[in-house]
Amino acid sequence: MTKRYSLMLFLMLMTSSGISQAQCFQPSPNLLAMGDRYYHQLQPHQWSSKDEKIKDALLDAAEDDWKGDYSESECFGSDKNPREVQRTASVKADITNVMKGTLKLSAWKKFAAEGKTESDVVQLFDERHVFSGDVSKTNLRTAEVHAARLAGGGRRMDEILSTLEINGDRLTLTRKIYYNGYLGRVERYSLQRD
């Protein structure tokens, strides 16, 4: 991975977690850095043995029952006329380290404004899909790619930029989701141990 590419990914992951209409449908920093190679040449990330140990310790620290706030922003419309829909909820979550390097987040979200409750299960940091990442004792940042089948028979490439931060009894998880290289959704969990 080139230094320019690594820097672009790091800067994108460090930006704010919400979407504004100006950001809806903006290209992924990885798409900007890689051009057409983005769609064809993403390789699994290889962690150094030191980083692997730090990452495993951080993922183990995430295993617990959590509660707190959840917010999401989703883009609709087109890049010329974007429309953003935001939702917030209180959330209870259970995080388990299901496989070495993969977290499973089971969340129960209560959207008070809508009088609605939803559940969700998300797998995070699955090494089979991670193509870029960095880690410290309190932060893990990765870029993952998943192929999605669409109801009409087509396929879509989902790139997910995830940031996990743990400070004692507090956990923040942010996921920026790019559909075929363009920003479509941001999710943020702000949690404390239950």
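This is a predicted model: local features need pLDDT of at least 70, side-chain atom pairs count only at pLDDT 80 or more; totals for chains, interfaces and linings use all residues.

User: How many Å should helix H3 span, and how far apart are its end C-alpha atoms?

Analyst: Helices (H or I, at least four residues) and strands (E, at least two) are DSSP runs numbered from the N terminus, and the expected span of a helix is 1.5 Å times one less than its number of residues. For the 14 residues of H3 (residues 49–62) that gives 20 Å, and the end C-alpha atoms are 20 Å apart, which agrees.

User: Which residues of H3 are buried, and which are exposed?

Analyst: An α-helix has 3.6 residues a turn, so residues three or four places apart point the same way. Buried means under 20% relative accessible area, exposed over 50%, and partly exposed in between (1.4 Å probe, protein chains only). In H3, the buried residues are Glu52, Lys55, Asp56, Leu58, Leu59 and Ala62. Seen down the axis of H3, they fall within an arc of 165 degrees (taken from the directions from the helix axis to the C-beta atoms), so they line one face of the helix. Ser49, Lys50 and Lys53, on the other side of H3, are exposed.

User: What is the order of the strands in the sheet, and which are the edge strands?

Analyst: Two strands pair if DSSP finds at least two bridges between them. Here nine strands form an open sheet with antiparallel pairing, in the order S4-S3-S2-S1-S9-S8-S7-S6-S5. S4 and S5 each pair on one side only, as the edge strands.

User: Where do Phe125 and Asn180 lie, and what is the phi of Phe125 and of Asn180?

Analyst: Most residues other than glycine have a negative phi, and most peptide bonds are trans. Phe125, in the loop between S4 (116–124) and S5 (130–135), has a positive phi of about 60 degrees although it is not a glycine, and at 2% relative accessibility Phe125 counts as buried. Asn180, in the loop between S8 (170–179) and S9 (182–193), has a positive phi near 50 degrees, and Asn180 is partly exposed, with a relative accessible area of 34%.

Notes. Residues are numbered from 1 along each chain as its sequence is written. Side-chain values use heavy atoms; hydrogens and water are left out.
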